[in-house]
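Me: I am new to this structure and would like to learn how to read its features. Could you take me through a few of them?

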Amino acid sequence: MAIQSTITLNNGTVIPQIGLGVFRTPDGDTTVNAVQTALENGYRHIDTAMIYRNETSVGEGIRRSGVPRGDLFVTTKLWNDDIRAHRGKEAFQESLDRLGMDYVDLYLIHWPVAEAFEESWMELEKLYHEGRVRAIGVSNFQVRHLETILKNGTVVPVVNQIERHPLLTQEPLIEYCRAHSIEIEAWSPLGGTGGNLLQNETLVRLAAKYGKSPAQLVIRWDLQQDIVVLSKSVHEARIRQNADVYDFEITPEDMAAISALNQDLRTGADPDTFTF
């Protein structure tokens, strides 16, 4: 059964609210199996990127699942080297070729590369107007980057995909995005590889109260704030658990307690200082 909750983006495209992320999932059987497993367990949203080096395996996992392409939401991203080289159109076609698809549902600028992302956005707008992608957006953009896009572009990004978890709630950025009809996608929603977010005492206590795992609690916390959650796993049990979050609701008091854990703590690169 497909996961039920969705969000309608500012151009009318509908995005499933839970997606499988495949960052650092190795090319080959590991990614093929993770994608196939997710789709067989109700996921309908897969998030990849050129730089993950696994688009070919994502496409293969989708084909093996037997789920019709039209029932799926597939995202990939324009990498920084291609942004600097002004290769937006070429890089997009290369991603399509690796995926084995003739369109993607969402194409994102992966990072706000200085002096170059604005031109890349114009290339994305062309792809969008040509109907080769159903929606376009950005990833890791701060307010000042978004202001540049909104001032100079003609298409408002449908999403901003950002690092977001209870230790990094990013409320001012989210507030700005929502004021401009830009939805939020959370990467590293569970605190990132090697982090100890899920051992947090507050999360462990509240998860026990609801009879759920800390990971399920955090995913539910995002869902109740209308955020798209991109959880990552290659294990079938975990993939299933991460989507088993529709049979409980967190109270407003507990939602506030989770949000109060914020420390502005990044586990990934800072969009203002990244060097790749």
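Me: Which residues does serine 5 touch, not counting residues up to four places away in sequence?

Reply: First, some ground rules: this is a predicted model, in which local features need pLDDT of at least 70 and side-chain atom pairs count only at pLDDT 80 or more, while totals for chains, interfaces and linings use all residues. Residues are numbered from 1 along each chain as its sequence is written, and side-chain values use heavy atoms, with hydrogens and water left out. Contact means heavy atoms within 4.5 Å. By that rule, serine 5 touches Pro16, Gln17 and Tyr246, leaving aside residues up to four places away in sequence.

Me: Where does serine 5 lie, and is serine 5 buried or exposed?

Reply: Helices (H or I, at least four residues) and strands (E, at least two) are DSSP runs, numbered from the N terminus. Serine 5 sits in the segment before strand E1 (6-8). For burial, look at relative accessible area: under 20% is buried, over 50% is exposed, and in between is partly exposed (1.4 Å probe, protein chains only). Serine 5 has 18%, so it is buried.

Me: Which side chain does serine 5 join in a polar contact?

Reply: A polar contact is a pair of N or O atoms within 3.5 Å; within protein, one must be able to donate a hydrogen and the other to accept it, and residues adjacent in sequence count only if both atoms are side-chain atoms. Here the side chains of serine 5 and tyrosine 246 are joined by one of 2.4 Å.

Me: How do H1 and H2 cross?

Reply: Axes are lines fitted to C-alpha atoms, for helices over the stretch in contact, and angles run from 0 to 180 degrees between N-to-C directions. Under 35 degrees counts as roughly parallel, over 145 as roughly antiparallel, 65 to 115 as roughly perpendicular, and the rest as oblique. The axes of helix H1 (residues 29-40) and H2 come within 7 Å and cross at roughly 40°. H1 is therefore oblique to H2.

Me: Which residues of H1 and H2 meet?

Reply: From H1 come Thr31, Val32, Val35, Gln36 and Leu39, and they meet Ser57, Val58, Glu60, Gly61, Ile62, Arg64 and Ser65 of H2. To sort such residues, Ala, Val, Leu, Ile, Met, Phe, Trp, Tyr, Cys and Pro count as nonpolar, Asp, Glu, Lys and Arg as charged, and the others, Gly among them, as polar. The contact of H1 with H2 divides into 5 nonpolar, 5 polar and 2 charged residues.

Me: What does serine 57 touch, not counting residues up to four places away in sequence?

Reply: Serine 57, in helix H2 (residues 55-65), touches Asp27, Gly28, Thr31 and Val32 on that count. Its relative accessibility is 5%, so serine 57 counts as buried.

Me: At what angle do H5 and H6 pack?

Reply: Helix H5 (residues 117-129) and helix H6 (residues 143-152) pack at about 50°, with their axes 10 Å apart. They are therefore oblique to each other. Phe117, Glu118, Trp121 and Met122 of H5 make the contact with His145, Thr148, Ile149 and Asn152 of H6. Those residues divide into 4 nonpolar, 3 polar and 1 charged.

Me: How many residues of helix H9 are buried?

Reply: In helix H9 (residues 214-223), 10 of its 10 residues are buried. They pack against several elements, including strand E3 (18-21), helix H8 (201-210) and helix H11 (252-259).
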